[in-house]
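Good morning, and thank you for coming.

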Amino acid sequence: MNPVKVGPPDSSQAPFKALIAGNRQSRACLLLSGIVLVAILLLRRYCTFRRGTMTLYVHRIRKVSMPRSSSHPIIIQTQDLSKSFKLSARQQRLEHSTEHVRIAVDKLSFVAFQGEIFGLLGPNGAGKTTTLRMLATLIRPDEGDALVAGRSISRQPEAVRATIGFLTSELKLEDFFTPSYLFDFFATLHGVPPDIAAIRKAELFKRFGIDEFAEVKVANLSTGMKQKASLVISIVHDPPLIIFDEPTNGLDVLTAKVVTDYLAELRDAGKTIVLSTHIFSLAERLCDRVGVIIDGRMAAQGTVPELTKGRSLEQVFFDLYVSVKGKVA
Ligand SMILES: Nc1ncnc2c1ncn2[C@@H]1O[C@H](COP(=O)(O)OP(=O)(O)OP(=O)(O)O)[C@@H](O)[C@H]1O
Ligand SMILES: [Mg+2]
């Protein structure tokens, strides 16, 4: 009987050679699958980024800019937001223009932090309203995306709408109805329980002096009263984020003060406000951070002191404008 061999196998024997060759093959296979896995993960991350979740982008922006409110979470993040409009023959004629397409917003990227007033500042036609309309999901971007409270304006517009209150002077209240009726109507649309809606209506109407005009048809209200009624109706659902296009447009100084004081109060209560304006003094006084838009592009953004460095915001704007356009038009 042969003695039983104890110890490592003799690798010169054929089965063990095959085993070693097999091990090499499986190591190569393992390495290959590792590389494929990493490639898939990178590809998935890239696709997620392109789809608009912008995880990578958030990190990049957090690193490069350190605004005053950077300790607060980002509530709006736009990335390369772009929108063009076809110009009708009539519009071409009116604007003495031969262009067929107008680029209103051109790869606009900015962030707004929770609990701040962020102002989009720019001249007429800069693209402010178009940007805010995209954020409010009234129009879709051609390219790029924005996250509003973590929801994509392109892919989750309903969820975005539930988070925001949007006011623009272009939105007109229906003449035939009264502020009280419209408030109740929009409260129902937003699913606000009637008892809570009634408390909010009483508070807001008193605050803005609408209570005396609550049952007056919109057609018979003054411009200021219409604007105040629009404002309270746009925030009937007490949204955490308020988007206002030119909030003081057409208002006298007293009414404008009531509105801006209220916006500051909302901000102090933790709401985020994104507004557009071409009034520099308003931006300087009210906004924590501003983005200056020229020709649909973000020319500068930051806190007011960061941008001004002791100069006036108006002077900063003129300098930016000349550096972009070559001269003040
Ligand atoms: N529906 C549309 N069709 C064609 N062009 C449009 C449309 N909406 C906006 N534009 C054009 O896009 C550009 C940007 O317009 P937008 O209203 O966003 O500017 P703005 O910064 O809000 O200007 P303003 O301060 O005058 O309100 C303008 O040249 C405007 O004429
Ligand atoms: Mg506008």
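**An enclosed helix, a ligand and a sheet**

Seven of the eight residues of α4 are buried, so this helix is largely enclosed by the rest of the structure. Buried means that 20 or more other C-beta atoms lie within 10 Å of the residue's own, exposed means 12 or fewer, and partly exposed is in between, with C-beta atoms placed from the backbone. Helices (H or I, at least four residues) and strands (E, at least two) are DSSP runs, numbered from the N terminus.

Please note that this is a predicted model, in which local features need pLDDT of at least 70 and side-chain atom pairs count only at pLDDT 80 or more, while totals for chains, interfaces and linings use all residues. Residues are numbered from 1 along each chain as its sequence is written, and chains are lettered from A and ligands numbered from 1 in the order in which they are written.

The buried residues of α4 include Lys128, Arg133 and Met134. Just after α4, threonine 137 takes a positive phi of about 65°.

Which element gives the largest share of the shell around ligand 1? That element is α4, with three residues. In total, 14 residues surround the ligand, and Phe85, Ala104, Asn124, Thr129 and Thr130 are the closest; a residue counts as near if its C-beta atom, placed from the backbone, lies within 6 Å of the molecule. Both β2 (101-113) and α4 (128-135) supply at least two residues of this shell. By type, the shell has four nonpolar, eight polar and two charged residues. Here Ala, Val, Leu, Ile, Met, Phe, Trp, Tyr, Cys and Pro count as nonpolar, Asp, Glu, Lys and Arg as charged, and the others, Gly among them, as polar.

Let us turn to the whole chain. There are twelve helices and ten strands, and 30% of the 329 residues are buried.

Six strands form an open sheet with mixed pairing, in the order β6-β7-β8-β3-β9-β10. Its edge strands, β6 (164-168) and β10 (297-303), each pair on one side only; two strands pair if DSSP finds at least two bridges between them. Strands of a sheet pair through backbone hydrogen bonds, either parallel or antiparallel.

How do β9 and β10 run, parallel or antiparallel? They run antiparallel, and six bridges join them, with β9 covering residues 289-294. As one example, valine 292 has alanine 300 of β10 as its bridge partner.
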